[in-house]
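Subject: Structure handover

Hello,

Here is the structure we talked about handing over. Please open it first; my notes on it follow.

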Number of protein chains: 2
Amino acid sequence: MGGDFGPQVTIPASLDCLKNNPGLKLILVGDEAVLNPLLSNALKAYPSRLSIQHASECVTMDESPSKALKNKKDSSMRVAINLVRDGLADACVSAGNTGALMATARFVLKMIPGIDRPAIISTLPSIYGHTHVLDLGANVDCTAEHLFQFAVMGAELVKAVENIDRPKIGLLNIGEEDVKGNEQVKSAAKLLENSSLNYIGYVEGDSLNAGHVKVDLIVADGFVGNVALKSIEGAAKMIGGTLRQSFDKNLFTKLMGLIAYPALRSFKNRIDPRLYNGASFLGLRGLVIKSHGGADILAFKTAIQLAEIEVKKDVIKKISEQVEQSLASRASV
Amino acid sequence: MGGDFGPQVTIPASLDCLKNNPGLKLILVGDEAVLNPLLSNALKAYPSRLSIQHASECVTMDESPSKALKNKKDSSMRVAINLVRDGLADACVSAGNTGALMATARFVLKMIPGIDRPAIISTLPSIYGHTHVLDLGANVDCTAEHLFQFAVMGAELVKAVENIDRPKIGLLNIGEEDVKGNEQVKSAAKLLENSSLNYIGYVEGDSLNAGHVKVDLIVADGFVGNVALKSIEGAAKMIGGTLRQSFDKNLFTKLMGLIAYPALRSFKNRIDPRLYNGASFLGLRGLVIKSHGGADILAFKTAIQLAEIEVKKDVIKKISEQVEQSLASRASV
């Protein structure tokens, strides 16, 4: 039910995913009265792979997380997360209110023992392929220990999803030299240097998309990570808009755009943010994927596919085991 | 002498500026033995507007600020800043080592009374024209009071340079709602709300280039501002590279690029980062402009032009007066 467009986007995206992946089962959670008419044909087409789980309420996009948690116990996001808790679903995907989804997920699923705060991780396109980044805004005023926990969890996700043994981890900073940075990153760097993680050192903001070395995972305080992510979104929006305007200026430039369409199209496809939609909440004892609220059908499909991958790779279990191990090894030092 | 290319860039840029602006006088500071042969014709062409000031040393790009300050008392940047202190120059423009330039400027010129820390301000292109942003990396671990001081100084610069009465000021945060953010920005917001500044509230990272409302000045901790700036640089680099690759793929796409060249050219000109080169150090009792180290001739010209504008608008004097006034008005509350 969530996101800026609700079932108008989530249903076609879901049906597309069911069609493309015969191994996928989906439970659509929301108001039966709304969903049933839209799904009558699909329910017949996928009798064993598609079902509806009724939820009488819906958290709005601007509702406060605490109010949603307290007052909407039968919201679609709450019911969906309950399904994960009860083992009836392997993951929850939502385009709804981020704060409410995080608060509900944390309340219902609980944290992995040893992790203080959940973090939001997602990928950005880069000149090397893509980069995983966390935290993207779940936490502000993090301690060095929190950043270290993010690195442990993020590394495990990257290992599983990318099939690489020792992902290269960078700490987001304002310079690469040891003397650079605030107290938070300097202390976090010490923890990372003394760990078994493949920590490569400080990286600057340009490393998210186009650093001078490839980094698999970039760790940041949620305040900094969120500002960086939004700054990149703004830059892409301005650059894309300026490119469009340059071709829209007059009849001649429009003609140029028409002729250059295949190249412009291939350019657009390669940096399409919809192909990077979907952020995972890490640190919880269950898988929750947040789609951008403004996601269209293609973007929401990407978020569902991300959930599929993380379920198949058993990311939550791997993170839990790694956290336990790394806590044990640190305790024994 | 500074920057990645030294006189190879700074001299042609200087001569271009002298040619285009009959009111401009330049003193080129550096090793006479290097500069004299390169400038013999120009010195004849502009006898009253161009001169050389000898400096026997040069700070390297990777030298530590404290070492440069202590050991290189006859460096080109030190001598240039001395000229500003002694009233022999109205501004110093350098493409050299940022940390050393800042440390030297602070030591030689001293701070404006009432300002605790200098800040770096620059402009970014935006869908509304451009946005001024500070601090871009001079300060980490700022207090709310520091952010407030940045806002006072930045507003005065924007007023002078843009000829607007009450520039709209935003505080960089991870959401626009009051509850969002870390302790630092929440406290800074209170100071700004209670001031006479035209504070419009929190803005997110996308506001640097493409927010949903126009903001004239965005205030941030230097850590956050620097990460945002570098993230935008990385995004632009990746997007530009991808666009080039899309047209470079094969003979047909290359032909498309040739046909679309005028539109692509106009696009490039509108977001050319070289036209935004030059950052001002605010809070000092003299004008120092830092050019990007990798600046080419066009970019370095932009930095010289920025210095000209700020001298003409008497930015330092206006900031000093405003700081004094605003401290007086706060003390009397």
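I begin inside chain A. Strand β3 (residues 91-94) of chain A and strand β10 (residues 287-290) of chain A run parallel and are joined by four bridges. In that pairing, A:Val93 stands opposite A:Ile289 of β10(A). Please keep in mind throughout that this is a predicted model.

The residues of β3(A) point two ways: A:Ala91 and A:Val93 to one side, A:Cys92 and A:Ser94 to the other, and all are buried.

Helix α4 (residues 76-85) of chain A is mostly covered too, with eight of its ten residues buried. Which residues of α4(A) are buried? They are A:Ser76, A:Met77, A:Arg78, A:Val79, A:Ala80, A:Ile81, A:Asn82 and A:Val84. The cover over these buried residues of α4(A) includes β1 (26-30), β2 (50-54), β3, α5 (98-109) and β10 of chain A. After α4(A) comes A:Gly87, which has a positive phi near 75 degrees.

In chain B, four of the five residues of strand β1 (residues 26-30) are buried, so this strand is largely enclosed by the rest of the structure. Strand β1(B) runs parallel to strand β2 (residues 50-54) of chain B, and five bridges join the two. One of the pairs is B:Gly30 with its bridge partner B:His54 in β2(B).

Of the 19 residues of α6(B), 15 are buried, and the helix is mostly covered. Just after α6(B), B:Asn163 takes a positive phi of about 55 degrees.

Domains of chain A

The domain assignment of chain A gives domain 1 (1-115 + 283-333) and domain 2 (121-273). The C-alpha centres of these two domains of chain A lie 24 Å apart. Between them, twelve residues of domain 1 of chain A are in contact with eight residues of domain 2 of chain A. On the side of domain 1 of chain A that touches domain 2 of chain A, α12 (297-312) and α13 (315-331) of chain A each supply at least two residues. Which helix gives the most to that side of domain 1 of chain A? It is α13(A), with six residues. By class, that side of domain 1 of chain A has six nonpolar, three polar and three charged residues.

How are the two copies related?

Backbone points to look at

Most residues other than glycine have a negative phi, and most peptide bonds are trans. Some places in this model depart from that pattern.

- A:Leu134 and A:Asp135 are joined by a cis peptide bond, with omega about 0 degrees. A:Asp135 lies in the loop between β5 (129-134) and α6 (144-162) of chain A.
- A cis peptide bond also joins B:Leu134 and B:Asp135, with omega about 0 degrees. B:Asp135 is in the loop between β5 (129-134) and α6 of chain B.
- A:Lys110 is not a glycine, yet its phi is positive, about 70 degrees. A:Lys110 lies in the loop between α5 and β4 of chain A, and is partly exposed, with 13 other C-beta atoms within 10 Å.
- A:Asp314, again not a glycine, has a positive phi of about 55 degrees. A:Asp314 is found in the loop between α12 and α13 of chain A, and counts as partly exposed with 14 C-beta neighbours inside 10 Å.

Regards

Definitions and conventions: Residues are numbered from 1 along each chain as its sequence is written. Chains are lettered from A and ligands numbered from 1 in the order in which they are written. This is a predicted model: local features need pLDDT of at least 70, side-chain atom pairs count only at pLDDT 80 or more; totals for chains, interfaces and linings use all residues. Domain bounds come from an automatic or database domain assignment. Two residues are in contact if their C-beta atoms, placed from the backbone, lie within 7 Å. Ala, Val, Leu, Ile, Met, Phe, Trp, Tyr, Cys and Pro count as nonpolar, Asp, Glu, Lys and Arg as charged, and the others, Gly among them, as polar. A residue is buried if 20 or more other C-beta atoms lie within 10 Å of its own, exposed if 12 or fewer, and partly exposed in between; C-beta atoms are placed from the backbone. Two strands pair if DSSP finds at least two bridges between them.
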